[in-house]
Amino acid sequence: MSPPPPTSLGAIVFLAACSTEFADPGREVGPAVADGAAYPTEVHTPTTLGVVDTPLVDVNGTPIGVACATCHGPDADSAWAARPGEPFHTGTELDHGDLACDACHDPADRGRLHLADGRSLELGDTMQLCAQCHGPKFTTWQNGAHGGMNGYWDTRRGPRLRNHCVDCHAPHAPQIAPVTPMPRAHDRGLHGEE
Amino acid sequence: MDDTSRRDALKVGGATLGAAAFARALAPLTEWEPTTSVDAFLQRHYKELDPAELGTILRRLEDETLEDYGASVSIEDVRPTPGVRFGYALNLSVCIGCRRCAEACHQENNHDRPSHQSYIRVLEIDKGSIDLEKGRTDYDHAVPRGDKFYMPVQCHQCDNAPCVKVCPVEATWKEADGIVVVDYNWCIGCRYCEAACPYHARRFNWEKPEIPAEEVNPDQAYLSNRVRPAGVMEKCTFCLHRTRKGKLPACLEACPTGARVFGNVLDPDSEIRWVLENKRVFVLKEDLGTRPRFFYYFDG
């Protein structure tokens, strides 16, 4: 997205934001919070990782998943073990830059991912995979400014849950799909509104 | 108009308003109706209440909510935490205009259901401009559209807040953590603050809010999301009933894009500080000298 010219500069705004004096101190403040051990920050683990959905559903209508390891890798069940050339994952459509499958999947072990330097990763270590090619975005995520969170801004008072990249970006087609907006308010007397 | 002359205009405006406002301030007395209980009418200003008086008022308000809405709620007086000054930043490069934040506000803050009120308005603006007044809030197509960007606007909790200055009865003020609050029991509904706010961030309660009992959010605070009476002003409080207890605001948690960053600007290790120090943040209508605590930025 092309930024419009900013109307002011960060430095000034920043100094103003951090100044402690203000017009009206109001009533006195509440109790202080003791510095101490912080509550944990957890990263959400997507349950889809390492499991492929089948067309079968359970009694609740949830698709029944099969672990990749059932067919791939050294421990694959021999009855199921994938043999090269056998057509299987026919629905895979890739829309992610101009990457090849093997940029992420290890050709030697389909149940694993790998980095450009050859290091092998579990499917669950997907974030490291993303971080390899999207370093600045990953740094932003680590600093809490990409990907959002839930819980406490003050980790001295409660835990926090971070979203995983693949909670929002499908690895094969990472762009965010358009959504229908929620209903808006019906205000009196504002232009563009009744 | 340059900085000083605009600020002067604001001051002069404030002075003239003051006199008229005084007359206006007395008007509601003559039109006083029994919708306000005698106790509520005689209540003193929030800042002057001692803990015992405040406790009585909170219990009375809880009883009234039970009677009027059939919902048992807890109304607390949550005070600012020492050493905390809030800041809020929003990444316009990732916001997709889905209004999930406005919806979360609607529910969290016990807004009137029929009007679908919310403290957040999301503007759809042509890329390449950043004119608040040209933004539209009435879009209903799938979002985002490639030629637009989306700008949620809510109270900026200005350090130099025009809304606070014009209030003829001091029913609205700025607290130690930077949040601008309203004492709904003191507000006379003159709407000067609404007119004074350059961000259109204040709302007037035209009607007594309608909320089904099971939808009332029972976790309430006196200065934030308790159900407001008709005829008073209300506004975003950065969800102080949550944030003063260390929790994130409801609009941030609801954001499906992670566009929102909230925290204590006095904490050098906080996420909000990282954004202020590493992104080129800007504020809306900076030339007005309002000194907002709400910041916007684009990636890159």
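1. A nonpolar core is taken here as a set of buried Ala, Val, Leu, Ile, Met, Phe, Trp, Tyr and Cys residues joined through side-chain atoms within 4.5 Å, where buried means under 20% relative accessible area with a 1.4 Å probe, protein chains only. This is a predicted model, in which local features need pLDDT of at least 70 and side-chain atom pairs count only at pLDDT 80 or more, while totals for chains, interfaces and linings use all residues. Residues are numbered from 1 along each chain, chains are lettered from A in the order written, and side-chain values use heavy atoms, without hydrogens or water.

2. The largest nonpolar core has 81 residues, and B:Met151 and B:Tyr296 have the most contacts inside it. Helix H3 (residues 51-69) of chain B gives the largest share, 5 residues. (Helices are DSSP runs of H or I, at least four residues; strands are E runs, at least two; both are numbered from the N terminus.)

3. Beyond four places in sequence, the contacts of B:Met151 (heavy atoms within 4.5 Å) include B:Leu92, B:Ile130, B:Leu284 and B:Tyr296.

4. A second, separate core of 12 residues includes A:Ala145 as well as B:Ile272, B:Val275 and B:Leu276.

5. In chain B, 3 strands form an open, mixed sheet in the order E10-E2-E11; strands pair if DSSP finds at least two bridges between them. E10 (260-264) and E11 (294-297) of chain B each have a single partner strand, so one side of each has no neighbour in the sheet.

6. Strand E2 (residues 86-91) of chain B runs parallel to E11(B), joined by 4 bridges. B:Tyr88 has B:Phe294 as its bridge partner in E11(B).

Note on methods:
Buried means under 20% relative accessible area, exposed over 50%, partly exposed in between (1.4 Å probe, protein chains only).
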